[in-house]
Structure formats: C-alpha cells, structure tokens
Amino acid sequence: MQALHFGGDYNPEQWPEQVWADDVELMRTAHVNLVTVGVFSWSRLQPGPDEFDFGWLDRVLDLLDDAGIGACLATPTASPPPWFTRLHPDAMPVTRDGIRLTHGSRDTYCVNAPAYRAASTRIADALGARYAGHRALRMWHVHNEYGTPCYCDHCATGFQVWLAGRYGDTDALNDAWSTDFWSQRYREWDEVLPPRVTQYLSNPAQVLDYRRFVSDSMLRHYIDQRETLRAASRAPITTNFVLGGWVPVDHARWAREVDVVAIDNYPSSVDDHLTERAFAADLARGWARAAGHPDGRWLLMEHAPGAVHSGGVVRALAAGQAREAALTYLDRGAVGVMYFQWRASRGGAEQWHPAIVPHEGAAAPIFQEISLLGAELAGRSPTAVSAQVALIFDELTMWAWQAPHVPSRDIDYEKMAYRWHGVLGGAGSAVDVVPVTASLSGYRLVVAPALYLMSQAVHTALRGYVLEGGTLVLTFASGLVDDCARVTPGALDDLIGARIVRHTPLLSDETVALAGTDAVGRRWFDQLEVTDARVTLQTADGAAAVIEHRFGAGLVRYLATDLDERQLLDTLADVRKGSAE
Ligand code: GLA
C-alpha cells in the first residue's frame, strides 16, 4: 500500500544544530514522513563562487534517514546568494517599468541571464552528484514557485529568438500581432521588445506572447536542472506550481514535464477556504490527467497549517479546520499533504507565517492538531478519483482577460470558474478542472464558461467532442478572439446553432428579466438569431437566453447571459437529462 506523504518545508539552516534532533523527534510524533529541504539554502551550500559546503546538509539528511523520514531535496535556485548578485548585476530582474531590482528578498534573478542559468545548473549538478544515492532522498524539488517575470535586455533578445521560432518571419508576426494598428509594423526582429511600460495601451497579442515566452523561458530553466538531476538520479523530479492570475506559467504545458504535478495552495478567504482548496485540488488533478497521468495523482507541496494567510493578515482557522483542509485535498486525489513550514522562523521576511511548530513550541494547539492528523493519515493511501464531468479552466484565456482592452472589466474569469465549480460540485459530481488541451472524450459533460480565447485547435477539439456524443455547455463571452487575440466574429455560430449578432456587456446594476422565473441574467447579454437550436429559456421580452443545439451525436447548451446558481443548476439538470436520453 502506498503511504501518503505528510510533512512540509524544513529549513534547519535557520537553527542551531541542537534544535535538529528535537525537530526530528517532533516529526516522528507528528507522523511526518517527508520534508522539503534546501529550498532557500544557496548561500549556505555555495558560500562563494567556487566554494561548496555540504557538510551541514549531509548531517541533516542522515538525521532524517535515521528516523525514517524522507527528503524532498530542493535545488536552491529561487534565491541566489549575495555574491552572485555582486558578480552578475545583469542577472537581476528588471520590472516592466525598467527598474532593475536589487538583492534583499528572494527570486532576484532573470531566467534568461546566461550567468544565472549556468549557476543554476552548476548547483543542481553538485547536489545531484552528492545526494543521488542518499537513502533519505525521495524526490527532487527544482527551484520554488516559478513565476518571476523580467523585462531586461537578455529577455528582449530571448523574446526575439522565440518569436522568430514561432512566426518564421516578421510578416507573419505583423499579421499575428495586428501591428498595422497604431503603426507598429516590424521589419527586423531586433525592433521587437518586451511589453515594457509604454505610453498608453499595449498590444494585447504582444502581451500574450510575452507571457508564453516567459513561461517557456522558465520551463527551459527547469528542464536544464531536471536533465542535470536525471543524469545522476532516478528519483522523481518536480517543481511546485503557484496558482493565480499573476503567474506567467502555462501549467498545462509544464505538467507534461514533471514526474508528479505538485501545487502550493494558499486560499485567501477564511470563510470560503475549503471551496478554494477544492478548486485547486480538482485543477491539479485535471493538469495531471491532461498531461498523461490517467490516475490524476498529484501532490500538495505546500499549504499553511491551520491558518489562512492573506493580505498580510494571518488568521488561525477554527480547531478541526486543518483536518478538513487536508481531507479536501486527499479526497480529490492528492498523494500527500505538505505544509509551509515545519518550524516558524524567528526572523526573516516570513517570521509570522504559520508553522507546524509555531514560535510557542510543540505544546501549542496547532502542533497537537497536525500530529493527530498525521496519526490519522498514517494508515491511509491515496484516493482514486474518477470524474465524468469536466470544467475547462484555461490559463491563456485567464491571461487574455487581463488584456488592457476587453469588452467588459466585470468578467472575472477565475471567479466565474469558481462559481461553476461550486455548482457542478454541488450537483454531486466529481469535477476534473482541465485545460483546453485535455482529451475530453472520457467526460459525459464539459462546461467551458467565458472561454474568451479559442485557438483553431480548441474549436476543432470542442466540435470533435460534441460530434462524438459529448454534452458541452458554453457561455457568453466565449470564442471572441483567437490565440493571437484577434477578434473572430461568428466563430461559434455553427456549434451553438445561432448567430450572435450583438454582445452587450452589462453594467453592474443592470439585469435581464427572464421569463417564468424571478431569477435575472447579469453581467452580459448576447443577442441571438437562432438558426438551428431550441430555445430553453427566454428573457421576459421573448429573446433567447439559453439555447440547446443538437450537433452530431452530442448536445451544446449556450447561455447568453450569466445566471444565478439556482438557475445554473437547473440548466445543468436539464442538460444532463438530455445527455442521458
Ligand atoms: C510560498 C513559498 C514559500 C513561502 C510560502 C508562504 O508558497 O513557496 O516559500 O513563502 O509561500 O508565504
């Protein structure tokens, strides 16, 4: 029986060695079996450009191994040491507005700076060579939460090369980026720059491509390290994904490059934290499945023990909530639940972050709570989850919704996905939250709200799914642009059986009265000319609000406006009945 991973980030270098033995003893009490070590240890491991010091890490890993605790051993590249910064000022990140950041926090690097890439591979190589055979080693943890963008000259050059690879010549780039708008036609690759701060609105296609480029640049940095470690070691290799609209990482693509999808999850709402966790868990499982791991197993690499840490405020959760949080992840296919961090740091930037062993010590309630949980989970193995329902959540669409100029600022793509997830889950289904690149054929029902950006491949995939008998729910604000952020009028008409003749984003106090119900539509209204569909819900003045279209062997439901939860549930119940016929 495969045991669950239980533990968290352990930063022993912050403590005198006498504390380490206590730590390991307490870990045994708490049934911890895996700790992430070394995430921010670069300045200890490599105190100077040509000096290495592994003695302390040897002793830590030996201690852990003696206690039967495994190590998820990190490469420390998320925080280069001060000597590196001094030697390579060009490797510091530059913000969109041209400010070169200085050392003093973490993530001060540019993944496109040759010196940083070389230094990263070097330290990964040294760790691989030294610890590949260590008995404590269970897994490699490359870097930490990739997501730091940079707009420096190294990035500019890298972007030009990346674009040349994607488009071939500048004519194709000009076409893709619609550069005749505002006289942006490029003749030479080196005229093209990252979307740095400019006078007014940036070009949305440029912004979108820059995110893709940043994601690919970081992925190359990850792969360099992965290959270095792989040459020395057979242990699984991963990196911890951080979630959120600000993260320039195409996780669906990355999921194919890790041995196990691992996410960090820090909900922001005390009241709704379980809902946020459920979404993140179903998303991690969806990424894993879409990346070719049919069992959908994934690992929760970090979450805060018994607390929600948001907006600078640490709020302890009520007793029992840490357990509920862990079970929310485990019931959704996590192969382990890990925390940040094991022992609270006395000083440093995150000295008030919650920990399993808080400043008050192991007598504190949180340690007791986590220990009881550890004991409970010790006998449990991972849960297999099968889902017949998928919710499409597309990070490219999320990015596209952040463009400087969109039809409505009132569409919060993530919130919309959360709502649908809640409705689908509330209807009693296990829901895989999947990227648009996932194979949909195994799902009975697929819901894709506000899928603003749809490439030709996505159009084809959705049609293929429905033609073969799938049931697809689409909403307003979908299929409006292609993968270069160019408007694609009429792109959904054949699929939904209606012509969308006018989009009307609504103001926050505007509603659409619906026939036969006191519920109203909000946020948006599409005026439809129905060609081949059946109207299943009308507005009070007789316009189509929800339509249904038989397409091939399947069914498409289109919502022209945003409905409340009850109304959404009705729509789903109805569609499901339809698909079961
Ligand atoms: C992230 C990081 C950790 C820590 C936590 C808490 O998930 O990976 O190093 O900073 O957040 O803020």
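This is a predicted model: local features need pLDDT of at least 70, side-chain atom pairs count only at pLDDT 80 or more; totals for chains, interfaces and linings use all residues.
View 1. Glu302 has a side-chain N or O atom 2.4 Å from an oxygen atom of the ligand. For Asn144, the distance from a polar side-chain atom to a ligand oxygen atom is 2.8 Å. The protein buries 92% of the 300 Å² that the ligand exposes when taken alone (accessible areas by the Shrake-Rupley method with a 1.4 Å probe; for residues, only the protein chains shown count as cover).

Numbering starts from 1 along each chain as its sequence is written, and side-chain values use heavy atoms, with hydrogens and water left out. Local features need pLDDT of at least 70 and side-chain atom pairs count only at pLDDT 80 or more, while totals for chains, interfaces and linings use all residues.

**View 2. The shell around the ligand.** Around the ligand stand Phe40, Arg106, Asn144, Glu145, Asp264, Tyr266, Glu302, Phe340, Glu350 and His353 (a heavy atom within 4 Å). The shell splits into 3 nonpolar, 2 polar and 5 charged residues. Here Ala, Val, Leu, Ile, Met, Phe, Trp, Tyr, Cys and Pro count as nonpolar, Asp, Glu, Lys and Arg as charged, and the others, Gly among them, as polar.

View 3. Strands pair if DSSP finds at least two bridges between them. Helices (H or I, at least four residues) and strands (E, at least two) are DSSP runs, numbered from the N terminus. Strand 8 (residues 298–302) and strand 11 (residues 334–339) run parallel, joined by 2 bridges. Leu300 has Val337 of strand 11 as its bridge partner.

**View 4. Backbone exceptions in two loops.** Most residues other than glycine have a negative phi, and most peptide bonds are trans. The bond from Phe340 to Gln341 is cis, with omega near -5°. Gln341 belongs to the loop between strand 11 and helix 12 (365–377). Ser183, not a glycine, has a positive phi of about 55°. Ser183 lies in the loop between helix 7 (170–177) and helix 8 (204–232).

Methods
A polar contact is a pair of N or O atoms within 3.5 Å; within protein, one must be able to donate a hydrogen and the other to accept it, and residues adjacent in sequence count only if both atoms are side-chain atoms.
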